[in-house]
Amino acid sequence: MAKTAKRQRMHPQARRGQILETMLALCEHQHFAAIPMRRLAADCGVNMALLYHYFDSKEALVLAALRHAIDDFIVLFEDLTVDDTAPLGAADAWFQANIDAAPRLVRMVKLMNDFASDGHRDPKASAMVDEFYARERDTLRDAIQRGIAEGRFRALDADRTARLTSIAFDGIFFGGPARGDYDFAGNLRDLRVHLLATLAP
């Protein structure tokens, strides 16, 4: 009689990552508050007790999923080589990181929006969201200011242009899918072209 193969035990760090990735995937299609922990456990192939072994509460799990998504994106961005001869320098790397991480960014932006529309702004979530957007705006603003200082870009309000461009990123990842537009790479490249046209002397 053939022996039943034992289920492979996953390394704790890998299991934690699997839980977070599964929660992010579920959050893409519904508000995190509506996702039953039993559904998450079933999708991960674990029992409820294991979820609570890794996370004290559902709130802690969702916050960890947001932190996980943001940190992964920042690592991706920082691992890219910045070409100082590129028109936007580090901001060009930011555009590329958005292209490379597009499917996961849809989930991240959706989760950020869920926290913002939850009736109360969770201070921990708000701090993470603010940190991410500050990094985005600073990267864009610094690239624009550098181009202005070097005479490659026309003089304009770098802070305002960076803020509006940052909002346009979210439009691609949140508004785009709402309209059935999933051409993230094409839309990001178009946004970069539009930004460079706006900055042209």
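Arg152 sits in the loop between H7 and H8, where helices are DSSP runs of H or I with at least four residues, numbered from the N terminus. This is a predicted model, so local features need pLDDT of at least 70 and side-chain atom pairs count only at pLDDT 80 or more, while totals for chains, interfaces and linings use all residues. Residues are numbered from 1 along each chain as its sequence is written, and side-chain values use heavy atoms, leaving out hydrogens and water.

With a relative accessible area of 34%, Arg152 is partly exposed (buried is under 20%, exposed over 50%, partly exposed in between, with a 1.4 Å probe and protein chains only). Not counting residues up to four places away in sequence, Arg152 touches Pro87, Arg146, Gly147, Leu199 and Pro201; contact means heavy atoms within 4.5 Å.

Next, the helix pair. H5 (residues 90–100) and H8 (residues 158–178) pack at about 15 degrees, with axes 12 Å apart. Axes are lines fitted to C-alpha atoms over the stretch in contact, and angles run from 0 to 180 degrees between N-to-C directions. The two helices are therefore roughly parallel, a label for angles under 35 degrees. Trp94, Phe95 and Asn98 of H5 meet Thr165, Phe169 and Phe173 of H8.

Last, the core. The largest nonpolar core has 61 residues, of which Leu40, Leu66, Phe73 and Leu111 touch the most other members. Such a core is a set of buried Ala, Val, Leu, Ile, Met, Phe, Trp, Tyr and Cys residues joined through side-chain atoms within 4.5 Å. H4 gives the most to this core, with eleven residues.

Terms used. Angles under 35 degrees count as roughly parallel, over 145 as roughly antiparallel, 65 to 115 as roughly perpendicular and the rest as oblique.
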